[in-house]
Amino acid sequence: MSSGWSWFIIILTLANIAGCWWLLRRYSGQRPGEPGADETMGHVWDGDLREYNQPLPLWWMMLFYLTIFFGIAYIILYPALGNYKGVLGWTQTGQYENELQQARNRYSAIYDRLAELSFDELAADEQAMGIGHRLFVINCSVCHGSDARGAPTFPNLTDADWLYGGEPDAILTSILKGRAGMMPPMGATMDDQTIDNVVQYVLSLSGKDHDSAAAAAGKPMFATCSACHGLDGRGNQSLGAPNLTDDVWLYGSDAARIREGIVNGRANRMPAHEDLLGPERSRIMAAYIYQLSHERAP
Amino acid sequence: MKDSANAALYESQTKIYPREVSGRFQNLRATAVVALLGLYYLLPWLRWNGRQAVLFDLPARKFHLFWLTLWPQDLIYLTALLITAALSLFFFTTLFGRVWCGYACPQTVWTEVFIWMERWTEGDRRKRMKMDQAPWSLDKARRKTAKQFFWVMFSLFTGLTFVGYFTPIAELSGKVATASLSGWESFWIFFYSAATYGNAGFMREQVCKYMCPYARFQSAMFDRDTLIVAYDENRGEPRGGRRRSTDPAKAGLGDCIDCHKCVQVCPTGIDIRKGLQYECIACAACVDVCNEVMDNMGYEPGLIRYATENSVVGKTSHIARPRVFVYAALLLAVISLTGFSLATRTPLGLDIIRDRNSLYRVVDGGRIENVYSLRIINMDNEAHTLAVAVTGSVEMSVETEPATLTVDAGTIEAVAARISAPADVQAGGQDISIRIYTADGKLSVEEPARFMAPAR
């Protein structure tokens, strides 16, 4: 706040308080109108209509003074006058930090215990998995779904197929650092017929219905793809290149979707959660994600 | 009365010293005080199924009332309670005037107890007035200290009991005994103690006169057939002092001997002979004292009595008036609807939140799957195992995680539910309903949801 505004607020506030004080002093002792003959206020309307004086109790007026004293005390203690910080030094952020610290103190014992556990122990720990489930619902389910089975473009976390590896450490890295998946657009490098052939070959990898002649024609072109997806099309977890031979398809498994991916490429992103969750909760999160698939895997 | 030239907008309060009365209505009032305060102080100590019978657990947002546990979702019952209270006030005011003020209002009830204590320690009206005028003496100090001691102890007890409605009173009393109250508990106990002390010890009739909205708007509910405390002017006037042996008829006097006892006993300091005033709380202290006087004089009782404005001037009063029937009908309707609703209330809640990240997903075999998050609220006092069923335009199946839903008493369980439909389900969106139910079929809740399928 600039000092001009600061002074504006200071003057306005103090003038208001002083004004209230003056108003009380001015009108509490004397009635405002001319003195009447009896207990009326001295106002006469329509010739004979008078206002009867029903005095308020004194303590009522004292309450007005009390509010003035309260206001002055408040102004001294709290930052109420422009840039003045107040005797107590209270701030909103200070209160927030304070409450955050209180929460940390309250929960540190739980996290201290869990920090000692291995991933396997965490996955078997009821309290840790309770925390994990709640963290999942709050932070992850918005993309991966309430049941963690994903959605188009968001991977299913409960199956055995992993883009970047399904071991706890790999999962933890995905959570902390995030992932940026990238399939380059290949449309400009091939003519339409070639692309169709490659699409047929990709379909053949996972044993879907395909045109075998076209697939055979497309196979040589797959050499370019194999740089990431591997010669056998089984993918590469260190690059996040998906396995093309299974029945898990992030963007859909029909020819049109596969063609779209080859021509335009794909870009996908898992945001980093290190700052959001912190290391302790990220570990619990990783253990929770890990047990989702490993409990189910036969 | 103030001199008109110096008439101020504010006047200092004149202390009222109500004179002690006994009589039929004062016995009734004392009974009401004992019964209501007994209820207030004992209720939090009652137990029900291992917990405090009446406990308003604000941190847990659960209100326990004997067998009933109300949740924030049941806020409508608070509305029903408030409407019932308001309608009762209208109804009883129309019929009986301000009986609430005289006999049941906490302000009156606690003030009465405080006045009893004042009487025990400082003596009757005359002694109290004299003592307040007198300079400080050992006796005065002793009596005033004793009064303050009773007042403060009673206030603290009241404050403790009040907080005991919101935090388990047995634990709270234990903490008081071991001086280990938390900051907020101490604050609220002292706050309500101070409120009791101030209102019943000092504010007294000032609360009725200046703060209470009812005192001001009850005139809207009054008519000439409402029961009020009335002075029979025809019979009493002209008032005047006389010997007991004087025949009032011969002396040209009414029955009022102008003894001012009705003014002295009045807890709000009014003269009932001036007619109906908004300050009158209908405590009938003047009725009792006047009857005593009439008895002593050998006159008929009832110069001041419970009467209607019509009956006091000799007209007929009507109990059956349209407004009485309207209030009664409304009151009956609200009470029976609330009672019905409470009796048939299902202590089970279901909130369905559809996953927002995707409309649908296609899974093995082409089935269309939608995902929902179910929040199951068990408001009952026992755990329930629940099954989930879904109804849609086609046969749909539902799978939850975990598969068996056991929700403990008084908890909320969030579970994911997958609903899947065959590939040929109606394209676009359709309304479905999800139902949760106990195996015995006693509890069941059904809520609507949307199911999305790809357009074809």
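Domain bounds here come from an automatic or database domain assignment. Keep that in mind as you look through these views of a predicted model.

**View 1. Chain A and its three domains, as the assignment divides them.** Domain 1 of chain A covers 3–77. Domain 2 of chain A is written in two pieces, 120–178 and 271–294, while domain 3 of chain A takes up 181–270.

**View 2. Where domain 2 of chain A meets domain 3 of chain A.** The C-alpha centres of these two domains are 28 Å apart. Twelve residues of domain 2 of chain A are in contact with 13 residues of domain 3 of chain A. What kinds of residues make up the domain 2 side of chain A that touches domain 3 of chain A? You will find six nonpolar, four polar and two charged ones there.

**View 3. Confidence along chain A.** The average pLDDT of chain A is 89, and 95% of the residues score at least 70. Which elements of chain A have the lowest and the highest mean pLDDT? Strand 1 (residues 40–45) of chain A has the lowest, 76, and helix 6 (residues 168–177) of chain A has the highest, 95.

**View 4. The two domains of chain B.** In chain B, domain 1 spans 13–345 and domain 2 spans 348–453. Their C-alpha centres lie 54 Å apart.

**View 5. The contact between domain 1 of chain B and domain 2 of chain B.** Here five residues of domain 1 of chain B are in contact with five residues of domain 2 of chain B. On the domain 1 side of chain B, the touching residues are one nonpolar, three polar and one charged.

Note on methods. Residues numbered from 1 in each chain as written. Chains lettered and ligands numbered in written order. Predicted model: local features only at pLDDT ≥ 70, side-chain atom pairs only at ≥ 80, totals over all residues. Contact = placed C-beta atoms within 7 Å. Nonpolar A, V, L, I, M, F, W, Y, C, P; charged D, E, K, R; others polar. pLDDT = per-residue confidence, 0-100. Helix = DSSP H or I, 4+ residues; strand = E, 2+ residues; numbered from the N terminus.
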